[in-house]
Structures are given as C-alpha cells and as structure tokens.
Amino acid sequence: MKTGIYCLCRDKETIVRLEKETKRYSFKDINFITGPDYFTFLRNIIENDEYDYSLVIHDDVIMPINMLERIESAIKKADATFGHQKWGVLGNAGISYLNNEAVTFIRDPHTSLIPYNTVPIPVVHIDGNTLLLNIKNIQCSKVEIPKSLTGFHLYDFVLVSEMYKKGLVAAIDPSLYVYHKSGGNQKDFDKVKQSLGFTSYIKDNYINHAFYTINGLVEIENDIKYLPEPFSNKRSDFYVLIEKVVNKLDFAKKKKELVIVVRTQLGRLNYLKRLLDSIKMGVATKDNNLSLGVVLSINNSLLNGKEIDDIYLALIKEYPEINLKLLRQKKVEGYYPRVTSLNNAVEQIEFKNDSYIWIVDDDDFIFPSALTTLVPLLQPSSIIIGEAIRFDEKWDSENSVPSNSKAINDHFNSQYYFKNVFGDNYVPISAVFYPLDVLKDILSNYELKGDYYEDYAIFLLAQNLKNTIYYPVKMVGVSYHGKNTVMEKDRSHWDYSLVTFISEAVNKGIVKKWVYDLCKSREPMEKQLIEYRMRLQRWCHVFKIAKPFIKLARKFGFLKQAK
Amino acid sequence: MAADKKIKEIDVFCSVSSREIEEVISLLIPSLGTQIDVEKINLTLINYNGKGRIYNGKSKVGIVSIREISKNKQLGFGEAHNFAFQTISPDNCFLITNPGYLYRTCVSEMLNALAKDNSVGIVEARQLPFEHPKEYDEKSGEAPWASGACMMINSNFFKKSNGFDENFWMYCEDVDLSWRAWLSGYRVIYEPRAVFYHFTGAYFGYSQTRYYLEHFWSARNFIYLSYKYFGEKGEERAINLFKKTDFSNYFKKEVLNAWKNLRKRVNKFENKVPISKLSSKIKIVGFNKYHENKEEL
C-alpha cells in the first residue's frame with residue numbers, strides 16, 4: 001500500500017518552516033507545494049498520482065505523530081464498512097448523511113470537544129483540511145474536477161459531488177483526527193458561494209437551491225425549469241444521488257434481522273390490529289435485505305391459554321403477510337410483567353447474529369418510513385433512535401382505526417436523547433432499535449426490579465454499552481387515548497420503579513464521574529429551560545381564550561399580523 | 001346504490017408512473033383486495049407518463065381486476081382522470097385514489113355516504129396517519145372541499161360538470177371540482193369512517209433543499225383558482241398573499257411568469273349561483289388555504 005502526503009502551502013517560507021517542523025517528528029517525504037489554487041492542486045493529484053492513497057492537508061494542519069498508522073486504520077475501517085471499491089475520500093469533519101448535522105473529529109478554533117469513536121460516517125459535505133483520497137478508486141471511476149472552477153473555497157464540496165456522481169462515497173472517520181489551526185475565512189467563503197463559476201456548476205448538475213456545508217447553509221438562485229416542465233429534467237437532486245450511492249454500500253446491503261416485539265395482553269384487539277396494519281404496510285414497502293419477524297409477547301394477560309390461542313390463530317389468518325409468532329409469558333416475578341415479557345422474548349426467540357430488537361406496545365403503531373429509511377442504515381454495534389410522534393386519539397368503535405387522531409406538536413425529538421441523564425425520560429421504548437446483545441447484556445447483568453420507566457432504565461443502561469445514533473425519521477406513533485399507563489392517577493408504581501432503577505444504575509456505576517461533573521455544570525441551565533417551558537404552559541390557556549378575540553381584532557384591523 | 005347491501009362492482013382510478021408502481025403493487029392492490037362488502041373492484045391504472053407499460057403484474061388479484069390505459073403523451077392529474085372516465089364510463093360512481101393503503105371498510109363507507117342521497121357529488125376519505133385538520137360539519141359531514149388523494153365521485157355530477165379542469169395540470173383541481181359541485185347544487189362530504197393511509201411527501205419525504213412539483217403547481221393554481229372564482233380582485237389578493245410567503249424571489253418570479261402564460265388563455269368561472277351565498281364553502285382564508293382549521297373553530 002503506497003501512501004503519499006501532500007500539503008499545499010501559502011508561500012515558500014511556510015514550506016521551509018514545515019519541512020523543518022515535520023522532520024523533527026519523523027514525517028518523511030511530505031510533498032510541500034505552493035502556487036496552484038486548490039482545485040488545480042487536487043486535479044493534478046487525481047490525474048497524475050501514482051500512490052494508492054494520498055493524504056492532502058492544509059498548511060495549518062498539525063497531524064498526530066502516528067498519523068501513518070491512523071491512515072492505515074482509516075483505510076481498513078472504510079474498506080470493511082463500505083467495501084474496498086466503493087469509497088473515494090475520507091476526511092475528519094463534515095455534514096453527516098444521517099441527519100445533516102455537523103460532525104467534527106478535529107480540534108480547531110471552533111471546536112475543542114474531544115469526539116467519540118465510531119465507524120466511518122458518510123457525509124454530504126467534507127471539510128477540506130484533511131482529505132484521504134483513494135487514488136486507485138478515483139482514477140478507475142474517472143472522477144474529474146471541472147476545469148472551469150478555481151480558487152480556495154468549495155473545492156471540497158465539488159470533490160464530494162464528483163465522487164457521488166461516479167458512485168463513490170465520501171465519509172469522515174475519527175482516525176483522521178488532527179489539529180486544524182485555522183477556523184477558515186467565512187467572508188471569502190460567502191463571496192465564493194455566490195460566484196458565477198460555483199452557481200453555474202450547481203445549476204448544470206443539481207435542482208437543489210440549498211446545500212448543507214460545514215460553513216453553513218449555501219443557498220443559490222437555481223432555476224426551477226424542472227417544475228413547470230415535469231418529467232423532462234436531466235439534473236438530479238443532490239441528496240437523492242447521495243442516498244442512492246449510500247444504499248449500495250456494503251453495510252447497507254448486508255442482510256439484517258429485525259424482530260418487532262409487541263408487548264400485549266391481547267385485551268384490546270382494535271389497537272393491536274392497527275399496529276399490525278401498520279406493520280403490514282411496512283412489510284409491503286420494506287428493503288429486501290431485511291428479514292422481519294413479529295413476536296406477540298404476552299404481558300400479564302387476563303385471558304386463558306385457549307383464548308390466547310384462538311386470538312393468535314385468527315391473527316395469523318388475518319395477517320398472512322406478517323411472520324407472526326406468539327410468546328407466552330413464562331413467569332411473572334413480583335410487579336414487573338412488562339420487563340418479564342422482554343426477558344422472555346430475549347431468552348426464547350431464536351435470533352441470528354447482529355439482530356436488532358424493536359419493542360413496541362400494542363397501542364403504538366409504526367411508520368413504514370422506519371423500515372425503508374432506517375433499516376438500510378443499521379450499523380453494527382449502534383443503538384438507533386428515530387422520532388416518536390405522539391397522537392391524541394379517540395377510539396369509539398371496534399374498528400382498528402381511531403375515530404379521531406391528532407398529532408401533538410411536542411414529539412419526542414431523538415437528538416435530545418442524552419437528556420435522559422438529567423433524570424427524565426426523553427426516549428420512548430418504541431423509538432429505539434436495540435442490538436440484541438445490548439438488550440441481553442442489560443437484562444442479564446442488571447436487576448430491573450420495577451415495571452414503569454423500564455424504557456428509561458433500559459435506555460440509560462444501554463448508553464454504557466454502545467454509541468447511539470439518532471435519525472430525524474418518523475419511526476413510531478405513540479397513542480394517548482385515556483387508557484394508557486402514563487395516565488394512571490396512582491403514581492406509586494412509577495415512583496417505586498423509578499427509584500429502584502436509578503438506584504441500580506447508580507450502584508452499577510452507569511455515569512462516570514467526569515460525565516457527572518459535566519452534566520452538573522449544565523443542570524442550572526436545564527432547570528431554567530424547564531421553568532421557562534412551565535411558565536409558557538401556564539399562559540397557554542390564557543392564549544387559547546384570547547385567540548378568537550385576537551382573530552377578530554385582526555379581521556377588523558385593530559391588530560396587525562406579526563411578520 | 002343501496003347503502004346496506006353488498007356492492008357488486010366499483011371502478012377505481014389511479015394515475016401512476018413507474019416511480020409509484022411499486023406502491024400500487026405492494027400497498028394499493030392488496031388493500032383493495034381486503035375491502036369488505038364489495039364483490040368486485042375494477043382498478044384502472046392511468047399511465048400518466050404515456051410511455052410503454054408500467055404494470056406487468058396479474059390482471060386479476062382476488063376481487064381486483066387490473067387494467068392499464070395511457071394516451072401516449074404526458075397527462076396532468078385532471079386530464080388523466082377525465083381520460084379514464086371517458087374510457088371506462090363508470091355507471092354510478094368511481095373512486096380516485098393515490099397509491100396508498102385503503103382501510104378495509106374505506107370503499108363501503110364512502111359508498112354509504114354517497115348513497116345517502118343523490119345530491120352528494122363527492123365523498124372524501126379521512127387520511128391517516130396524519131389527519132387533515134380541515135373543518136367539516138360533524139353531523140352532515142359537509143366540507144368546503146375534498147382532497148383528490150382519495151375521493152369518490154358521483155358519475156352524474158362528473159359528467160354534467162365536464163370533469164376536472166385540465167388547465168390546473170396538477171394540484172388544486174380537486175378544490176375547483178368541489179367548488180363547482182357546491183355551485184351546481186351538489187354536496188361535498190367528508191367521511192371520517194372511511195380511512196385512507198397516505199404517506200405524503202409533506203410529512204414523509206420533502207427536503208428543505210429543493211422545490212417540489214407541489215410547491216410550484218399549487219402556488220400557480222392558487223392564483224388561477226382565485227382568479228377563476230373571484231375575478232381580478234381575487235387574482236390581486238392571491239398574488240399579494242403569494243408574495244408574502246417564504247418562497248425565494250426567483251421561485252416567485254417563475255410562478256408569476258407561469259401564471260401570466262396561463263392567464264392569456266383562461267376565463268373567469270361563469271357561475272349561476274352567487275358565490276356569496278356559499279361563502280362558508282367557497283373561501284380562501286390564506287395562501288393555499290381553502291378551509292378553517294378544525295381545532296381553531
């Protein structure tokens with residue numbers, strides 16, 4: 001494996017200084033170059049390079065002394081995750097393909113947080129400070145940097161775009177962690193993003209008018225000819241192009257197993273059938289690489305064995321599309337049938353390796369988008385969270401649809417999952433895909449004595465075992481219909497459960513001291529936020545009463561509409 | 001049509017291209033197959049792209065018979081369904097649906113609502129998982145307009161009214177058809193017991209980084225609809241409302257150009273009933289908003 005390192009320097013003095021500096025730390029054969037702009041510099045490397053891989057860095061990048069080992073590790077990780085022939089460039093900072101958020105495995109004037117470890121993450125934009133080019137793949141795929149473009153900005157965007165056009169993925173990985181001494185020049189960047197060269201490049205290739213970059217959202221005045229003249233457009237949607245490439249990567253194409261464990265007493269069949277209907281819709285549209293099983297895990301049912309059998313047989317007949325299994329509750333210890341039903345499921349179901357478990361209650365329902373969008377992205381060893389939308393519902397018939405359903409605005413927002421550490425639950429159990437080994441580990445190594453807040457406890461304990469990845473994809477609908485356990489007036493079950501779970505978490509050392517200290521420093525801010533929200537809620541009904549009067553006042557011109 | 005008897009046969013139209021055919025095969029056809037109280041469903045797939053065949057599956061799946069028609073040219077939503085109506089000539093009524101999933105009682109509930117009396121022109125199904133917040137009268141089911149995502153139409157009314165206005169191309173032609181129903185003495189009914197699962201782009205797919213056909217056509221057609229029913233004043237108000245939206249200036253410019261082109265070849269709607277008499281039904285309460293919100297009433 002031949003690897004070269006290139007550094008484009010601003011002047012000859014810098015080259016002299018850097019040659020001296022890098023030699024001190026045993027970096028040999030770095031190609032220091034000055035003169036060309038970044039587009040030309042990259043074009044020359046891509047067209048003429050004889051290395052297998054080339055690391056291209058800015059002249060203000062400080063590499064770790066063992067950078068060559070890190071490069072080797074990055075290559076191995078990318079090969080294993082994406083497939084050797086499927087990646088074009090690796091970097092250390094960019095906009096994650098998963099949720100369009102900036103992820104930075106660097107230290108720079110904007111970032112000093114020590115990042116976490118992960119597998120390489122596909123990106124929609126990469127920061128140009130450090131680029132590891134897979135030269136052989138790039139040359140084989142005939143990636144070209146357009147000659148019409150010059151300068152020192154947005155070459156990284158164009159590089160990523162050209163990679164995806166040729167079917168190669170761009171990704172970032174913590175192996176390429178560096179210290180980037182400059183934070184970039186935002187003013188110059190803003191000028192270049194509106195330049196004729198760049199906007200023409202976008203207009204020739206894409207229909208989008210907004211692009212996520214590490215320097216912020218780039219908006220351009222694209223043309224919209226594809227809208228009045230439907231079906232005749234040859235340009236692509238940049239993000240759909242990327243999605244197509246990512247869905248062909250090895251990790252996306254790998255066969256996966258997902259088992260939906262439905263906790264049910266079989267006492268409210270119309271809710272359960274709504275869930276099964278939603279699963280049926282998911283099965284119809286799911287990815288072919290997904291093997292999906294559904295297990296009805298009986299949870300403290302009041303029905304006898306025959307009644308349970310009869311219902312199960314009727315459901316199998318009604319839902320032939322679903323691979324439906326029944327799991328009777330083995331035994332119930334104390335007051336924790338819900339946890340026991342999970343234990344039963346994990347102990348008794350025959351899983352394959354790398355299985356994921358999705359635990360839902362029978363009054364939840366799933367969104368098919370969870371199976372079409374999330375499943376291809378399942379990565380080994382990660383806990384996956386999506387969005388849970390709460391619905392205020394009325395059920396007044398035996399039909400398996402609510403007679404009234406309204407989405408409540410304040411849904412569970414997956415990106416705030418970490419707030420669990422402040423003692424409140426932010427993640428319903430049905431909004432998580434757990435790797436099987438995580439659940440097994442938790443259920444066998446921790447004493448889950450309690451039955452309410454078990455979703456909170458499991459999620460909290462899981463944080464110690466794997467990284468969590470959140471996706472802003474609608475995953476599950478959680479129904480509020482007056483008969484939920486969350487609406488029970490007697491809170492004693494909840495209180496005893498919560499204190500028992502947290503006591504277990506505390507005594508098993510879930511939170512490390514430094515995490516505790518970090519969170520402690522944030523706690524006053526969190527409290528302020530909660531108080532602010534409560535104050536708003538207090539005023540809510542006043543606003544409700546005032547609303548028709550405000551409407552009337554606006555109608556008759558006494559009050560102007562706020563812009 | 002008898003409300004409580006098993007329905008012998010119903011025609012269903014779905015305009016579709018190769019992009020949506022998978023959803024038709026995996027969701028729509030199986031869900032039509034589970035409809036209760038219906039003996040036979042004739043599904044007509046209208047290939048709106050006009051090129052080749054897009055459906056290569058079985059011509060009969062359970063109670064559903066499937067055929068594909070095309071006109072060898074691209075068709076807008078209204079033109080596609082007018083073409084299907086002329087080709088098939090459904091007797092009493094027909095169902096228009098997007099590729100989605102109809103709950104097992106959907107067709108029979110819509111038929112029951114339509115069969116209540118001959119004055120019902122259109123019946124709209126309730127969309128889930130995200131219910132439309134549109135106002136409707138809970139007793140009579142009367143609603144200002146019905147969405148073309150899943151609507152059942154009285155054939156007599158459709159014939160008398162010459163079907164959809166093809167000038168719309170796509171989006172808002174359903175509002176126009178509903179308003180013409182009200183003006184010609186027919187009623188538009190929302191039937192919440194008929195449920196249609198519709199995973200719309202607005203809730204499940206639209207990215208903030210680009211414009212979609214819906215943005216463009218619903219904006220242009222909002223102005224057209226306003227002009228058609230409310231004349232120059234309506235047009236002026238619609239343009240002002242559109243200009244106040246968050247769309248970018250270049251998008252607004254393109255939409256207004258498209259409207260100018262359409263304006264040259266369209267006329268105001270000549271209605272016999274004064275719109276003011278139907279102001280609770282035919283109304284524009286904001287940009288692209290033709291109803292009050294249920295919760296706000």
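1. Helices are DSSP runs of H or I with at least four residues, strands are runs of E with at least two, and both are numbered from the N terminus. In chain A, the loop between α16 (492–507) and α17 (513–555) holds Val511(A).

2. The model is predicted: local features need pLDDT of at least 70, side-chain atom pairs count only at pLDDT 80 or more, and totals for chains, interfaces and linings use all residues. Residues are numbered from 1 along each chain as its sequence is written, chains are lettered from A and ligands numbered from 1 in the order in which they are written, and side-chain values use heavy atoms, with hydrogens and water left out.

3. Val511(A) is partly exposed at a relative accessible area of 39% (buried means under 20%, exposed over 50%, partly exposed in between; 1.4 Å probe, protein chains only). With Val421(A) and Tyr516(A), Val511(A) makes a nonpolar surface patch of about 240 Å². Such patches are made of residues with over 30% relative accessible area and no salt bridge, nonpolar side chains (Val, Leu, Ile, Met, Phe, Trp, Tyr) being joined within 5 Å and like charges within 9 Å. Accessible areas come from the Shrake-Rupley method with a 1.4 Å probe; for residues, only the protein chains shown count as cover.

4. Asp437(A) belongs to helix α14 (residues 436–445) of chain A and is partly exposed, with a relative accessible area of 43%. Asp437(A) and Ser355(A) are 82 residues apart in sequence, and their C-alpha atoms are 8.2 Å apart in space.

5. Chain B comprises domain 1 (10–201) and domain 2 (206–282), with bounds from an automatic or database domain assignment. Contact (heavy atoms within 4.5 Å) joins 17 residues of domain 1 of chain B to 24 residues of domain 2 of chain B. The two domains of chain B bury about 1900 Å² between them, 69% of it on carbon and sulfur atoms; buried area is the accessible area (1.4 Å probe) that two parts lose on being put together, summed over both.

6. Between domain 1 of chain B and domain 2 of chain B, the count is 3 salt bridges (a side-chain nitrogen of Lys or Arg within 4 Å of a carboxyl oxygen of Asp or Glu).

7. Chain B and chain A are in contact through 38 residues of chain B and 42 residues of chain A. About 3500 Å² is buried between these chains, carbon and sulfur atoms giving 62%. The interface has 3 salt bridges. Asp277(A) and Arg104(B) form a salt bridge through their side chains (3.3 Å, N to O).
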